[in-house]
Amino acid sequence: MALEMRLPVARKPLSESLGREAKKHLVVPGDTITTDTGFMRGHGTYMGEEKLIASVAGSVERVNKLICVKALKTRYNGEVGDIVVGRITERRRSAEDELAMRGFLQEGDLISAEVQAVFSDGAVSLHTRSLKYGKLGQGVLVQVSPSLVKRQKTHFHDLPCGASLILGNNGFIWIYPTSEHKDEDAGGFTANLEPVSLADREVISRLRNCIVSLVTQRIMLYDTSILYCYEASLPHQIKDILKPEIMEEIVIETRQRLLEQEG
Amino acid sequence: MAGLELLSDQGYRVDGRRAGELRKIQARMGVFAQADGSAYIEQGNTKALAVVYGPHEIRGSRARALPDRALVNCQYSSATFSTGERKRRPHGDRKSCEMGLQLRQTFEAAILTQLHPRSQIDIYVQVLQADGGTYAACVNAATLAVLDAGIPMRDFVCACSAGFVDGTALADLSHVEEAAGGPQLALALLPASGQIALLEMDARLHEDHLEHVLEAAAQAAQGVHTLLDRVVRQHVREASILLGD
């Protein structure tokens, strides 16, 4: 059996090789953001003794009169209209609920849904508005920090390489094989249990490794960035993508392509 | 140990430091990808690791949920290889439970728990090598871990221990100095406002000396704040550069 081993190596942080300087106003908890009382306080700040003080470590964002501090990592805060992917952990145990839901959604099922309403204590209520949402069948789930999922018009993507993605706003990403029939999307209440071909499985594994490498280098996740990363990774073997040097190489190429596309 | 001078005539301690001098501190944030927040700190030879999960739904009995704020749950454990003699029980013994309780009191004062009602925040701290000042190292590591998790806090919580020998207050005690049996004080401070989150001492000290020792501990805690502040700013700057926008 072939074993691969590596010894610890001192590596420079990637931010140095990018050669950029941080442009934003960075704060840590306890820092005074401003003493001007005309501002409204948003997330990540609190009022103390006539001063606006930061409560998380991150960058200050100002929109007109609203000041908030965006932390590097946050837990997911639901907003109406977000797409989320999640696993059913508990169900209401009432008789009508049992009759209506038996056979459709069980505990332990993975589903995609949309946020319908948000309660004052942060709890969200979800609904599966159309057959586009619902139970998810065969595929791979990747859990990332919610702050890395970019907000877009749609979170359901069919990539040209042969797989499809659901980018949940809560940081759960679902990769599944694109079904041939257009009306049989992931969702509904029956899972498609037909065997998935090896080529499709390889595409899905490669996408999963690409997403993991993008996350370690803190690149925002959306369909274009994932696709560019996939294309940059094609010369390498799927299992090599997770090696640190190859990961850096692929991500640098992805970053460059994204910059070219913007500018 | 008979004959061991904790403070020499020239004012040097056993490890060559001055009375109010801190040990070398090195810290890193985000050492565990699986946890919501994590940090590692080395204060001299004392090494501590802190991991934070949360805020999340209350595990176990729903009845424990507080309707207006979050529950902070701390667990302290020290590795069996952390002390000179191998420890039999890493956690669950009296000292660990008490430390856990003290950590909880400290962080309930600093974390803005009203922003996350009916949730739970878990802080797990483990001491990998104990060379004095374990409470302080745990608090400092836990502060960095809570910041790494993005949980809103009033301010940093910086802690330091202090003692009193030969009429002089010593800051940041090592194991040798703690074992010598003199009075020791542990102080956790919110640096910006100077408010005390926790002050603990279980020894006998004349009240005239209390102010000196407290002053030494407070100054040392401010020194710790300067260092931790630098570490956090560096971490945020790097992440901000990588995010690029």
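The model is predicted.

**Helices α1 and α2 of chain B**

- Helix α1 of chain B spans residues 94-110, and helix α2 of chain B spans residues 134-148.
- The two axes come within 11 Å and cross at roughly 45°.
- An angle under 35 degrees would count as roughly parallel, and 65 to 115 as roughly perpendicular; α1(B) and α2(B) are therefore oblique to each other.
- The crossing in which α1(B) passes α2(B) is right-handed.

**Helices α2 and α4 of chain B**

- Helix α2(B) also pairs with helix α4 of chain B, residues 207-243, and their axes come within 11 Å and cross at roughly 25°.
- Angles under 35 degrees count as roughly parallel, and α2(B) and α4(B) are therefore roughly parallel to each other.
- This crossing of α2(B) and α4(B) is right-handed.
- On the α2(B) side the contact is made by N140(B), L144(B), L147(B) and D148(B), and on the α4(B) side by V224(B), L228(B), V232(B) and H235(B).
- Sorted by class, the residues in the contact of α2(B) with α4(B) are five nonpolar, two polar and one charged.

**Helices α3 and α4 of chain A**

- In chain A, helix α3 (residues 198-216) and helix α4 (residues 223-233) have axes that come within 9 Å and cross at roughly 110°.
- The range 65 to 115 degrees counts as roughly perpendicular, so α3(A) and α4(A) are roughly perpendicular to each other.
- Helix α3(A) passes α4(A) in a right-handed crossing.
- From α3(A), the contact uses V203(A), R206(A), L207(A), C210(A), I211(A), S213(A) and L214(A); from α4(A), it uses S225(A), I226(A), C229(A), Y230(A) and S233(A).
- The contact of α3(A) with α4(A) has eight nonpolar residues, three polar and one charged.

**Overall form of chain B**

- Chain B has four helices and nine strands.
- Along the sequence, the elements of chain B follow the pattern β-β-β-β-α-β-α-β-β-α-β-β-α.
- The C-alpha atoms of chain B fill a box of roughly 55 × 45 × 35 Å along the principal axes.
- The radius of gyration of chain B is 18 Å, which agrees with the value near 18 Å for a compact globule with 245 residues.

**Domains of chain A**

- Chain A is divided into domain 1, residues 26-71, and domain 2, residues 82-262.
- The centres of domain 1 and domain 2 of chain A, taken over C-alpha atoms, are separated by 34 Å.

**Backbone features**

- Most residues other than glycine have a negative phi, and most peptide bonds are trans.
- E49(A) is not a glycine, yet has a positive phi of about 50°.
- E49(A) is in the loop between β4 (45-48) and β5 (51-54) of chain A.
- In chain B, G54(B) and P55(B) are joined by a cis peptide bond with omega of about -10°.
- P55(B) belongs to strand β3 of chain B, residues 46-57.

Key
Residues are numbered from 1 along each chain as its sequence is written. Chains are lettered from A and ligands numbered from 1 in the order in which they are written. This is a predicted model: local features need pLDDT of at least 70, side-chain atom pairs count only at pLDDT 80 or more; totals for chains, interfaces and linings use all residues. Side-chain values use heavy atoms; hydrogens and water are left out. Axes are lines fitted to C-alpha atoms, for helices over the stretch in contact, and angles run from 0 to 180 degrees between N-to-C directions. Helices (H or I, at least four residues) and strands (E, at least two) are DSSP runs, numbered from the N terminus. Angles under 35 degrees count as roughly parallel, over 145 as roughly antiparallel, 65 to 115 as roughly perpendicular and the rest as oblique. A crossing is left-handed if the near helix is turned anticlockwise from the far one by less than a right angle, and right-handed if clockwise. Domain bounds come from an automatic or database domain assignment. The radius of gyration is taken over C-alpha atoms; the globule rule is 2.2 Å times the number of residues to the power 0.38. Contact means heavy atoms within 4.5 Å. Ala, Val, Leu, Ile, Met, Phe, Trp, Tyr, Cys and Pro count as nonpolar, Asp, Glu, Lys and Arg as charged, and the others, Gly among them, as polar.
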